[in-house]
Amino acid sequence: MADRILVTTDDLEHAVRINAALEQSGFRTTLATSLDEARQAIRREPPPDCVVVTGGLHETRAAQLLTLAREREISTLGLVEQTEPDAKGLARRLGLTGYLEKPADPAEVTATVRRLIERRKLQQRTGILGESPAIQEVLVKIEQMAPVTSTVLIEGESGTGKELVARAIHDLSPRRGKPFIAVNCAALPETLLESELFGHEKGAFTGAAERRLGRFELADEGTIFLDEVGECPLATQVKLLRVLEDRTFFRVGGTQAIRVDVRVIAATNKAIREQVALGRFRDDLYYRLNVLAIYLPPLRERRSDIPILVRRFITDADWPGNIRQLRNLIESMVVLAPEGEIRASDIPADIREHGRGLPMRLAPSGDIPAGGGAGVGGQELAFILHSLVELKLQVEELRRRLDEGPQRVEVIEVGPGSAVSPLALAESSQVPEGEVLYRPGMTMAEVERAAIEAALRDTKGNRRKAAEVLGIGERTLYRKLKEYALV
């Protein structure tokens, strides 16, 4: 079935020529002469695949039309006047998927419309949802990087959908029919990671009863995705560097070099440059991985996408991508809310109670309006949005584990505007056991060390339990203990 295009007639001359070019290219087109006609076309089922706004972008009706299109996840292309001082800024403010300056060549408009529709289909196929400029920029980079074989480094917080991006690059690439092999480097102990990546020969170590192919061999002619590559120990980093340099490696216990044709896509939730500066990650490996880079923004940096995600989770509550906590919360409220209406009482208690047990920043007193601001409803809504945007999956897991334990580890901020003053703490006997005291000027490393010490105290020195309380792996805890000289 031909893709459907809605063209507004704000600029009639452009609209007629563009409409003719689109029809000639096989699109089904509709000309809308008024805002009401355009609204009806967008609300119709099936809706158009793309809306071309030929003019009047500064008018209120254009903003209304584009908002409606964005809510329905319809691509939009705006034609901007040549005299517009900041065309890109205007496009971002209006939430346009793409824009072209006038006079616009109908052939270029047609090509752009086709590209925007293909990008939308890519989103539907991969689950990379969102209409914000930040996500559109990610999609553009995916389109640019997919056809080549260069290594890609994806940086972003946990739960933002790094594997979705990696799969999208693979699916658009010439390797799309070949294997896509994903490896979580943080999930494997150091003793097994090398064997998992490169395989081993029979008898290479105790328990190696037969030859085993590694992930790089399995990904031959395809793509290997190295998730959380920043967790790789230095010994494994050396061997990764060799593979990236000449595409050869040795199985564990092997003597014959194995050559593979693999595209490498790596991902990390850490600031790798900082790891390089601290000597925890090889600089030569970093530069080999960082040939092409994609930054995947967290939801708090693209808040305009929240309504789109909420609507999608309501209609399809099984999308496994970005912001897992938001997905789980929406599922819970939709299923449990009576009469199809979500009220404040339907929000899970642990969220309503401000995520007790979570390390939270105390709001400065000056930020709270007199009389409590917008009332209870407004405060609850503000907190819900803050929780959905700011909390990551790991923090939620930490909260759950701490609630199961005998005590909770809490971070108390002491500073100007804090609910707890330094003087009051100085007059008190000491910080209650199980709590971590934060003072202005403390570095993240100092806070982290204090949290580890508190967890070890609570678990009476049991490192396995301490790692569970902190929500990190035992290997990571051991490394931190050495780093902070706690062993």
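In helix H8 (190–198), the residues Leu193, Ser195, Glu196, Leu197 and Phe198 are buried, where buried denotes under 20% relative accessible area, exposed over 50% and partly exposed the range in between (1.4 Å probe, protein chains only). Helices (H or I, at least four residues) and strands (E, at least two) are DSSP runs, numbered from the N terminus. The model is predicted, local features being reported at pLDDT of at least 70 and side-chain atom pairs at pLDDT 80 or more, while totals for chains, interfaces and linings use all residues. Residues are numbered from 1 along each chain as its sequence is written, and side-chain values use heavy atoms, with hydrogens and water left out. Just after H8, Gly199 adopts a positive phi of about 80 degrees.

Leu197 of H8 also belongs to the largest nonpolar core, which comprises 29 residues. Such a core is a set of buried Ala, Val, Leu, Ile, Met, Phe, Trp, Tyr and Cys residues joined through side-chain atoms within 4.5 Å. The members that touch the most others are Leu197, Phe216, Ile224, Leu226, Leu240, Val264 and Leu289. At least two core residues come from each of strand E7 (180–184), helix H8, strand E10 (223–227), helix H10 (234–246), strand E13 (263–268) and helix H12 (283–289). The greatest contribution, 4 residues, is that of H10. In soluble globular proteins, nonpolar side chains tend to be buried together. With neighbours within four places in sequence set aside, Leu197 contacts Val183, Gly214, Arg215, Phe216, Leu226, Thr236 and Leu240, contact meaning heavy atoms within 4.5 Å.

Strand E13 is mostly covered, 6 of its 6 residues being buried. Arg263, Ile265 and Ala267 point one way from the strand, and Val264, Ala266 and Thr268 point the other way. Strands are taken to pair if DSSP finds at least two bridges between them. E13 runs parallel to strand E6 (residues 152–155), to which 4 bridges join it, with Val152 opposite Ile265. E10 likewise pairs with E13 in the parallel sense over 4 bridges, and Ile224 has Val264 as its bridge partner in E13.

A further group of 5 strands forms an open, parallel sheet in the order E2-E1-E3-E4-E5. Its edges are strand E2 (28–32) and strand E5 (98–101), each of which pairs on one side only. From one strand to the next the twist averages 20 degrees. E1 and E3 are joined in the parallel sense over 3 bridges, and Val7 stands opposite Val52 in E3. Helix H3 packs on this sheet, touching E1, E3 and strand E4 (75–80), and its direction makes about 165 degrees with that of E3. Axes are lines fitted to C-alpha atoms, for helices over the stretch in contact, and angles run from 0 to 180 degrees between N-to-C directions. Helix H4 (residues 87–94) lies across E4 and E5 and runs at about 150 degrees to E5.

Thr54 occupies the loop between strand E3 (50–53) and helix H3 (60–71). This residue is buried, with 0% relative accessibility. The Thr54 side chain reaches the backbone oxygen of Thr8 at 2.8 Å. Beyond residues up to four places away in sequence, Thr54 touches Val7, Thr8, Thr9, Asp10, Asp11, Ala15, Leu79 and Lys102.

The count of salt bridges comes to 30, each defined as a side-chain nitrogen of Lys or Arg within 4 Å of a carboxyl oxygen of Asp or Glu. Side chains of opposite charge can pair when their charged atoms come close. Because Glu201 lies in the loop between strand E8 (199–200) and strand E9 (212–213), and Arg251 in the loop between strand E11 (248–249) and strand E12 (258–259), the pair ties together parts that are 50 residues apart in sequence. Both Glu201 and Arg251 are buried. Through shared partners, salt bridges join Glu201, Arg211, Glu217 and Arg251 into one network.

Asp3 forms a salt bridge with Lys121, their closest N and O atoms being 3.6 Å apart. This pair links distant parts of the chain, with Asp3 in the segment before strand E1 (4–8) and Lys121 in helix H5 (residues 106–126), 118 residues apart. Asp3 is buried at 17% relative accessibility, whereas Lys121 is partly exposed at 33%. The salt bridge between Arg39 and Asp36 (4.0 Å, N to O) instead lies within helix H2 (residues 35–43), the two residues being 3 residues apart, about one turn of the helix. Arg39 is partly exposed at 24% relative accessibility, and Asp36 is partly exposed at 48%.

Terms used:
Polar contact = N/O pair within 3.5 Å; in protein donor to acceptor, adjacent residues only side chain to side chain.
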